[in-house]
Amino acid sequence: MTKNRFITGYSGLRALAVIGVILYHLDPNTFVGGYLGVPIFFTLTGYLVTDHILKSYRETGFYDIKTFYLGRLKKLYPALIALLWTAAAYIILFQRNLLAKLGQVVVTNLFNVYNFWQILNGQSYFERFATNESPFTHLWTMSINGQFYFLWPIIIFLLIKLVKKRKPIFWIILVGSLASALEMAIMYHTGTDINRIYYGTDTRFFALGLGAALAVVWPIADLKDTVKPSDSLLLDGVGLVALLGMLGLFFSSSMNAETAFPYYGGMLLFTIFTVVLVGIVAHPGSHWNKWLTNPIFNWLGSRSYGIYLYQFPVMIFFEDKVLNMADHVLLYRMIEVVLILVLSELSYRLVERPLGKITWSKVKQYLVKAFDLHNKNYVIKGQILIAGIIFLVGSIAIGVSPAVKADDFNKSQLARRIKTNRQKQNKDNQALIANLKKAKKHPSQRTKLINKAKKTAKKRPVNRSFRKYGISQVDLQLLQKVQLTAIGDSVMAGSSADLKQLMPKAIIDAAVSRQVNIAGSLLNQYQKQGVLANNILIGLGTNGPFSMTDLAQIMKQLGPKKQVFWINVHVPTRSWQTPVNELLTKAAKRYHNLIVIDWYAYAKPHEKWFYQDRTHPTTIGSKYYSAYIAKTVVKHAKF
């Protein structure tokens with residue numbers, strides 16, 4: 001009775017995790033902690049599996065591991081295999097750029113080691129912007145779950161036989177869980193590759209372990225059905241605090257996966273709140289089970305496996321066919337959500353539910369009906385035909401994938417150019433910083449500089465090739481005098497050589513995969529060295545959205561006396577293009593010393609200026625990009 005009662009609330013908790021994933025999918029800027037659905041799933045898995053195993057040992061002194069393994073295989077593998085083969089069939093028919101390494105992805109998922117494969121083969125920045133994102137990235141969690149299902153019954157068996165008593169078993173699991181969270185923090189602090197931290201079984205165990213530790217001291221069967229009204233109120237209050245803590249972290253910008261806090265304890269803190277809420281929902285004396293039980297949550301909870309499986313394939317496949325994702329973000333996101341929900345429902349009805357209780361005799365009966373020429377059950381025959389086609393086409397895709405050579409995007413023209421530019425940046429910046437530290441600052445009057453530039457323009461013209469990009473020779477002369485500090489992402493990094501040619505006194509610090517959260521530390525670094533110029537150029541926003549609060553912190557750090565230029569973004573394949581550009585427009589009205597360089601509007605009509613990713617300028621596009629920025633800078637710069 002108690003067990004069945006909790007399973008309903010368990011569906012409610014799974015529904016909360018799914019809703020988190022969907023909300024994040026709709027707006028990653030607001031719902032920054034959407035990835036926190038994973039700790040909820042892990043905590044529930046750890047709690048339910050451990051409670052089930054320990055209950056068997058308490059009642060019978062034995063646990064049937066073989067039956068457990070078989071049950072997990074029936075529950076998880078049919079839907080996983082259906083996804084892998086369906087996606088493989090789609091890839092070979094409609095998106096062959098994803099064929100390379102497909103066989104490796106399938107095999108490592110079947111053997112529950114895909115998270116390790118992800119660590120070794122994590123996608124590079126350039127693959128991500130070459131419309132080559134993997135539709136299977138999220139399946140790393142299924143591999144960790146699979147490893148847990150395989151090893152945990154054996155570990156519990158050893159703990160029962162060797163340790164025996166509940167209290168020391170609890171402490172062993174708890175210490176192991178905290179050690180996992182500590183390892184995550186240490187690895188992040190020492191600069192370990194983020195893929196290793198994010199996908200590692202050892203660094204992710206703490207959510208499974210804390211759920212398991214809860215099961216040791218809070219077994220469902222021992223929880224009393226009737227409690228005092230005051231105790232019931234206490235349980236409800238603790239559950240509310242836990243839920244508010246989870247929601248607070250879910251919406252908090254500090255939980256952005258690109259920042260340090262999640263790895264320094266943020267994920268652990270969220271998991272602790274989750275463990276508390278799971279314990280409260282499990283207790284029949286609280287009302288949380290009832291509150292989390294409703295038709296919508298029950299439906300989402302029961303379909304949560306399918307929703308999780310199909311979220312990335314739908315996103316990747318759909319967005320590959322939509323050229324201007326940024327133009328109709330909400331509409332496209334809603335279409336994706338509907339597709340995910342429909343596919344999860346089909347998966348539940350046609351795969352998960354019927355195959356979850358499959359036996360050899362049922363398989364035999366089904367095949368007899370399917371291939372009986374006298375049987376007119378065309379539904380079964382149609383199912384077999386469709387499944388057979390998917391399996392055949394998917395198998396062909398998996399079979400040919402080893403022969404498909406993957407494009408090495410890290411060796412593309414853009415990647416090579418950014419690498420060369422980055423090396424030159426470092427060398428030029430070191431020399432310029434050394435000179436700036438020695439030089440005395442002498443503010444110049446703009447009128448005098450212009451008059452001098454006019455004379456020099458006739459006698460000693462510079463950068464003549466840039467005249468065709470709309471810069472006058474006088475401005476080209478003035479740009480030689482502009483002192484500027486520029487920080488940016490890969491878009492700026494690809495054009496840094498041209499920017500440096502136009503503004504030789506500029507410190508340009510641009511690198512791949514940067515987001516706004518790095519701006520403060522970079523600016524502070526130059527501020528401490530005493531070389532932060534009066535003109536600041538920022539080119540961030542390509543890799544993700546940011547809030548007005550983030551921007552306000554940067555403006556406060558720089559102060560009202562700095563002239564700040566911020567380049568808006570041209571990234572039509574990403575949903576945050578419009579939000580980022582609109583935010584910058586609002587910010588320019590708020591701060592008198594902030595000028596937005598409207599690269600988006602200038603570049604939009606010129607698709608030939610960009611590589612295939614439609615974000616990074618080509619060598620020609622780089623000239624237009626640099627010239628456009630330089631024209632705005634020279635017009636408003638402080639000399």
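The protein chain comprises 27 helices and five strands. Along the principal axes, its C-alpha atoms fill a box of roughly 95 × 65 × 40 Å. Of the 639 residues in the protein chain, 52% are buried. Among contacts with a separation of 6 or more, 78% are accounted for by residues 24 or more positions apart in the chain.

In soluble globular proteins, nonpolar side chains tend to be buried together. In the predicted model, the largest nonpolar core contains 106 residues. Within this core, the residues with the most contacts are Leu102, Phe136, Leu139 and Leu309. Helix H3 gives the most to this core, contributing twelve residues. A second, separate core consists of 40 residues, including Leu414, Ala453, Met492 and Ala627. When neighbours within four places in sequence are left aside, Leu102 is in contact with Ala88, Ile91, Phe136, Ala397, Ile398 and Ser401. Phe136, one of these partners, is itself listed with Leu102 among the residues that have the most contacts inside the largest nonpolar core.

The second largest pocket has a volume of about 1800 Å³. It is lined by 40 residues, of which Ala82, Leu350, Val351, Leu355 and Ala387 are the closest to its centre. At least two lining residues are supplied by each of helices H3 (65–94), H15 (304–321), H16 (329–355), H17 (360–371) and H18 (378–400). Helix H3 gives the most to the lining, with twelve residues. By class, the lining of the second largest pocket has 32 nonpolar residues, together with five polar and three charged residues.

Two residues other than glycine with positive phi values were examined. For Asn463, phi is near 45 degrees. This residue lies in the loop that links helix H20 (446–459) and helix H21 (473–479). Asn463 counts as buried because its relative accessibility is 16%, below the 20% limit. For Ser513, phi is near 65 degrees. Ser513 is placed in the loop between strand S2 (506–510) and helix H23 (519–528). With a relative accessibility of 35%, Ser513 counts as partly exposed, since this class lies between the buried limit of 20% and the exposed limit of 50%.

Ser143 is located in helix H7, which covers residues 140–162. Its relative accessible area is 0%, and Ser143 is therefore buried. Beyond its neighbours within four places in sequence, Ser143 is in contact with Thr108, Asn109, Asn112, Val113, Tyr114 and Asn115. Val241 belongs to helix H11, formed by residues 229–251. Because its relative accessibility is 53%, Val241 counts as exposed, the limit for this class being over 50%. The C-alpha atom of Val241 is separated by 8.7 Å from that of Leu277, a residue 36 residues apart from Val241 along the chain.

Definitions and conventions
Residues are numbered from 1 along each chain as its sequence is written. This is a predicted model: local features need pLDDT of at least 70, side-chain atom pairs count only at pLDDT 80 or more; totals for chains, interfaces and linings use all residues. Side-chain values use heavy atoms; hydrogens and water are left out. On a 1 Å grid over the protein atoms alone, a cavity is a set of points where a 1.4 Å probe fits but cannot get out, and a pocket is an open set with protein on both sides within 12 Å along at least five of seven lines; lining residues have an atom within 4 Å of a point. Grid points are joined across faces, edges and corners, and a volume is the space filled by probe spheres set on the points. Helices (H or I, at least four residues) and strands (E, at least two) are DSSP runs, numbered from the N terminus. Ala, Val, Leu, Ile, Met, Phe, Trp, Tyr, Cys and Pro count as nonpolar, Asp, Glu, Lys and Arg as charged, and the others, Gly among them, as polar. Buried means under 20% relative accessible area, exposed over 50%, partly exposed in between (1.4 Å probe, protein chains only). Contact means heavy atoms within 4.5 Å. A nonpolar core is a set of buried Ala, Val, Leu, Ile, Met, Phe, Trp, Tyr and Cys residues joined through side-chain atoms within 4.5 Å.
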